[in-house]
Amino acid sequence: MLPHDPAWSGRFASEAARLLHLFAGVTLGVDHIGSTAVPGLDAKPVLDVLLVARSLDALDGRRRDAEARGYRWLGENGLPCMPSWWATRRWPGTSTSVTT
């Protein structure tokens, strides 16, 4: 756990722009969720991102593109019907978890 870092919101904005571009036409929205989204709250340095998509099949069609850009496909990862992605070290000491 780390003290809240105000840079997390900017990092999320950058990640959201990257995801919206990568999944253009497939996404309905991208939200910053989890403890790094709450100002003043201590958190693990993992940006939790919720990617809202039109369909899981449409997302799956972009899987290779996402993997080529550093996202690792985790499948349902214990959460039925909620496939996940993981991107590491986009910023020093911070990782990104994307749930759809």
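How many helices and strands make up the secondary structure of this protein chain? There are 3 helices and 5 strands, where helices (H or I, at least four residues) and strands (E, at least two) are DSSP runs numbered from the N terminus. Reading from the N terminus, the elements go α-β-β-α-α-β-β-β.

Before we dig in, a word on where this comes from. This is a predicted model, in which local features need pLDDT of at least 70 and side-chain atom pairs count only at pLDDT 80 or more, while totals for chains, interfaces and linings use all residues. Residues are numbered from 1 along each chain as its sequence is written, and side-chain values use heavy atoms, with hydrogens and water left out.

**Confidence and surface**

The pLDDT is the predictor's confidence in each residue, from 0 to 100. Its mean for the protein chain is 82, with 77% of residues at 70 or more. Confidence is highest in H1, at a mean of 91, and lowest in strand E4 (residues 84–91), at 60.

Of the chain's 100 residues, 35% are buried; that means under 20% relative accessible area, with exposed being over 50% and partly exposed in between (1.4 Å probe, protein chains only).

**The core**

A nonpolar core is a set of buried Ala, Val, Leu, Ile, Met, Phe, Trp, Tyr and Cys residues joined through side-chain atoms within 4.5 Å. The largest one here has 12 residues, including Phe 12, Val 30, Leu 59 and Tyr 71. H1 and strand E2 (46–53) are the elements that give two or more residues to this core, and H1 supplies the largest share, 4 residues.

Take Val 30: leaving out residues up to four places away in sequence, its contacts (heavy atoms within 4.5 Å) include Phe 12, Ala 16, Val 49 and Leu 51. Across the chain, 51% of the contacts with a separation of 6 or more are between residues 24 or more positions apart.

**Charged pairs**

Side chains of opposite charge can pair when their charged atoms come close. The structure has 2 salt bridges, each a side-chain nitrogen of Lys or Arg within 4 Å of a carboxyl oxygen of Asp or Glu.

| Salt bridge | N to O distance |
|---|---|
| Arg 18 and Glu 15 | 3.0 Å |
| Arg 63 and Glu 67 | 3.3 Å |

Arg 18 and Glu 15 sit 3 residues apart in helix H1 (residues 7–22), about one turn of the helix. Glu 15 is buried at 0% relative accessible area, whereas Arg 18 is partly exposed at 30%. In helix H3 (residues 63–68), Arg 63 and Glu 67 are 4 residues apart, so about one helical turn separates them. Arg 63 is partly exposed at 29%, and Glu 67 is partly exposed at 35%.

His 32 belongs to strand E1 (residues 27–33). Is His 32 buried or exposed? His 32 counts as buried because its relative accessibility is 19%. Its side chain makes a polar contact with that of Thr 36 (2.9 Å); such a contact is a pair of N or O atoms within 3.5 Å, where, within protein, one must be able to donate a hydrogen and the other to accept it, and residues adjacent in sequence count only if both atoms are side-chain atoms.

Leu 41 is in the loop between E1 and E2 and is partly exposed, at 39% relative accessibility. Its C-alpha atom is 9.0 Å from that of Asp 5, although they are 36 residues apart along the chain.
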